[in-house]
Amino acid sequence: MSAETGKQTTTNRNSVLLIIAAFALFILGGFVIAQATPSLFPEQASAESQQVDDLFQFMLVIGGAIFLLVQGMLVYSVIRFRAKPGETGDGPPIHGNATLELVWTAIPGVIVLVLAIYSYSVWVSTTSAKDNEQVVQAVGQRFAWTFTYEVPRSAVPEDVNVADLPANIQQQFNDKGTFTITSPELHTYVGRNVKVNLLTQDSQHAFWIPAMRVKQDLLPGRVTETRFTPVLAGEYPVVCAELCGGGHGEMRASIIVHPDQETYVTWFNNEAARVFYPSEDPVERGQQVLASGAYPCAGCHILDELGWVGVTGPNQNGVADRVVNNRSPATGQTPEEYLFRSLYYPHEYLVPGFGPLMPQFQSENPGAAYYMPVEDGEAITAYFCTLSATQDNVCDLENLAAIAEAH
Amino acid sequence: MASITAPTIGEGKVQPQAPSLRIQDYLRWTVDHKIIGVQYIATALFFFVIGGLLAMMIRWELLTPTLDVMQTGEQYNTLFSLHGTVMIFLWIIPVMAGFGNFLVPLQLGAKDMAFPWLNAFAFWIIPPAGLLMLAGWLVGPPEAGWTSYPPLSTLYSADGQTLWALSLHLLGISSILGAINFIVTILNMRPEGMGFWQMPLFCWAILATSIIVVMATPFLAGALTLLILDRVAGTSFFNAAGGGDVLLWQNIFWFYSHPAVYIMVLPGMGMLSEVLSVHSRKPIFGYRAIALSSMAIALVGFTVWAHHMFTSLTPELRIPFMITSLIIAVPTGIKVFSWLGTIWMGKIHFTSAMLFALGFLSMFVIGGISGVMLASVPVDIHVHDTYFVVSHLHFVLYGGSVFAIFAGIYHWWPKITGRMLDERLGKIHFWITYVSFFFTFFPQHILGMQGMPRRVAVYDPQFQTLNVVVSVAGFALGLATFVLLANMVSSLYSGKRAGANPWNALTLEWATTSPPPAYNFVGDPAPFADPYGYGTRESKEYLETLDKRFPPPVDDSLALTPNPQGTGD
């Protein structure tokens, strides 16, 4: 009797030890799996990414252990408890075990409680407002991003007369004391706290910088915001993550993190100078306007010279030749007239095979969403006139100025 | 359980021979719940193939990082919009309703559903609704995804979007009618001796599902009505320029569509409980915990919807939804552990049904783990709307629901048709599906984390290698389905005849011929007191009594004369 009890105690002790050893192994396995975390994410380019990745790694330890536990029990069961060929008997009539069921309810309960607290603390520290933020506005429209930066009146050089600046910039100064410059990239520098205000011109979009681990939807009728602090200089993709139409996959931009404040300020001053000292040459001015991302053309058109890759609208490479050889004779309009008018009235100049998707710009109301002052329209047209195989200007620029004047 | 005795199954009465199937019975209006069940399943399988073909085209396009198979981005968007909608509303939800229709009355020992005519009506809404959905291609198909967020779905998407909404309206009506029928049937038509706690877990799952359907689907109807009005009547419910709000759609849509995840997975979990217990010859472990966790999931499932909106919801509201979403992992965990407890120490028979049930456990747990990760707001912010989510949802809905459906097909096919499926083909189907499923969807986690958003035809070339792996595995997964379909067709013509109870199971659907006669049972069958009471002397006696009552199937050569039965209408 006593020998039998002793034997049973030993068996019990052995199985308890076995269970403890198995669980230790699963948890160890979870740690091993979680070592993969850094290779699963893009580079950690923001202070927030470190915290998010650590949280993920913590969950991967637990998730990995649970994964191994379940797969381990499955594999063990199918090997250990498989019916032998021809075996027809049943397993033991066990209907449950209250203690065991309590344990596997309580342990997951504790795990999710810990995860909730940990996640909350990461959430609070990554999203709270920081001191001295650089505020950038990101505008999403199908299918391009435009980033705008505020320039205070105090930044206007002494030799520049505000009254000589374009009408829309003057109006911005009058309304709010600052004006904005635009860029197709988001520029900032290492260590700067960034706050991005997000607004959309059309459908929903989502502003996602994988390297920063931030994402926020752009909602019509609302201004939303997101925050991050870059810690690693470099250029990283900005991606649209909310379905916005046919060109959703091409709706990409870059964030450029300058290594320090000086290089950022140099870039900024160069951009601002383009507004303060506009080029006399309309062709050069047109190229600058387009390169600044002030208009979302890159989202839908291809233009190798400026790095546009959109495929929703017609390809703009060599557009000048096509206008001269084909569209201009067909419509009886001069090349400059055709190009200028198709900028402002795109739906009357549809290229066969393409729908009326392009926004209709107008030159009257500087406060409108789709505003393109006549100066810009003239400059862009002048630049397009040079997009020929020979890079010669195919237009009469004086006639173009007259057309713009009359518009 | 001392009171268990082998009950009588139509003792003393003449047991009829199993009726032969006649194809024409399945092609017309009938109120026989079994035929309606098969009509649901067959219709759903048709749409499964359509949705699968769309998925193949998606994967074909994604072999390269540029737009090349499709001509425009809109065409590509159409593919995944209809793939998602068809798979959810015309495959998983109807096929589950089909199993429910076939099995619930049989498991309850009833002659039919509570409202047979309503049952037929609910089914016959589906084929025209499905055609209406596909008719989108005639007028310009929807391109806003199965979630159809405005303003893309209101201001931009073509007229097929209106047909999409009308079709979902009809499918929602069908769902609600079916669910009311299930609730009334389960609450009122249990046989004497079957209290709630003696009910098969599949019936528990259908009850929980039906409660969700009745509570949630009207919200979908509301959202769709507003969407249709915005599209055709010039209202501005979702148009910010007219004073509307795009978040209104997201809130109502997900208030239905998150519970809809449980509509799609709970019946599968019910089937899993049956299959695991029968094929491992052991009682279900923790019967009450499994039954109650279905109810817990049904209730808590209504409090988590906004976790689909962590990147659009007002930031202050995100944390409460994170907490509820984490909590719902607990009842799901209880189920998984209970099933592991069920097979533990059992006598596991590796039938095709059992393999798919084990495959469910193995794959669904990955979807559960990634689900907990997604519930955590800071992590979700990064992976929201990426391939990580695509992966997660397919681990839940394919690795979960579809694996369970496959297990259910192999398990109940003999009862439905009176013939066995070929087990060798079944195992081929399982292994191709299991391996290719994993390689189709697991790498998508990594793609999402590294920066690939979902719903794009054009992607960063650095992701191409993994996308090729995913596509190739996806093609194998698609082809594997045809192994099942071939097996089904060949079984109908030359499958081995099945007896009344080929798996020696205790639930009542096995206590009648295969296929059952139009009136299901001769007399009122008395259920075995414990639907999962394997391993007892009483259950052995009960099963032996059954075998005597329903003699083994006749050889095919002797069964040339058809033995048609009336269809009860």
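Modeller: In helix α2 of chain B, the residues B:Ile88, B:Ile92, B:Ile93, B:Met96, B:Phe99 and B:Gly100 meet B:Ile263, B:Met264, B:Pro267 and B:Met271 in α9(B); two residues are in contact if their C-beta atoms, placed from the backbone, lie within 7 Å. This is a predicted model, in which local features need pLDDT of at least 70, side-chain atom pairs count only at pLDDT 80 or more, and totals for chains, interfaces and linings use all residues. Residues are numbered from 1 along each chain as its sequence is written, while chains are lettered from A and ligands numbered from 1 in the order in which they are written.

By class, the contact of α2(B) with α9(B) has nine nonpolar residues, one polar and no charged. Here Ala, Val, Leu, Ile, Met, Phe, Trp, Tyr, Cys and Pro count as nonpolar, Asp, Glu, Lys and Arg as charged, and the others, Gly among them, as polar. Helices (H or I, at least four residues) and strands (E, at least two) are DSSP runs, numbered from the N terminus.

Two packed helices are described by the angle between their axes and the distance between the axes. For α2 (residues 73-107) and α9 (residues 246-279) of chain B, the axes come within 10 Å and cross at roughly 35 degrees. Axes are lines fitted to C-alpha atoms, for helices over the stretch in contact, and angles run from 0 to 180 degrees between N-to-C directions. The crossing of α2(B) and α9(B) is left-handed, that is, the near helix is turned anticlockwise from the far one by less than a right angle.

Chain B also touches chain A: the contact takes 78 residues from chain B and 69 residues from chain A. On the chain A side, α4(A) gives the most, with 14 residues. The residues of that side divide into 38 nonpolar, 22 polar and nine charged.

Chain A itself has 11 helices and 12 strands. Its radius of gyration is 31 Å, well over the 22 Å that the globule rule gives for 407 residues, so chain A is more spread out than a compact globule. That radius is taken over C-alpha atoms, and the rule is 2.2 Å times the number of residues to the power 0.38. Along its principal axes the C-alpha trace of chain A spans about 115 × 55 × 35 Å.
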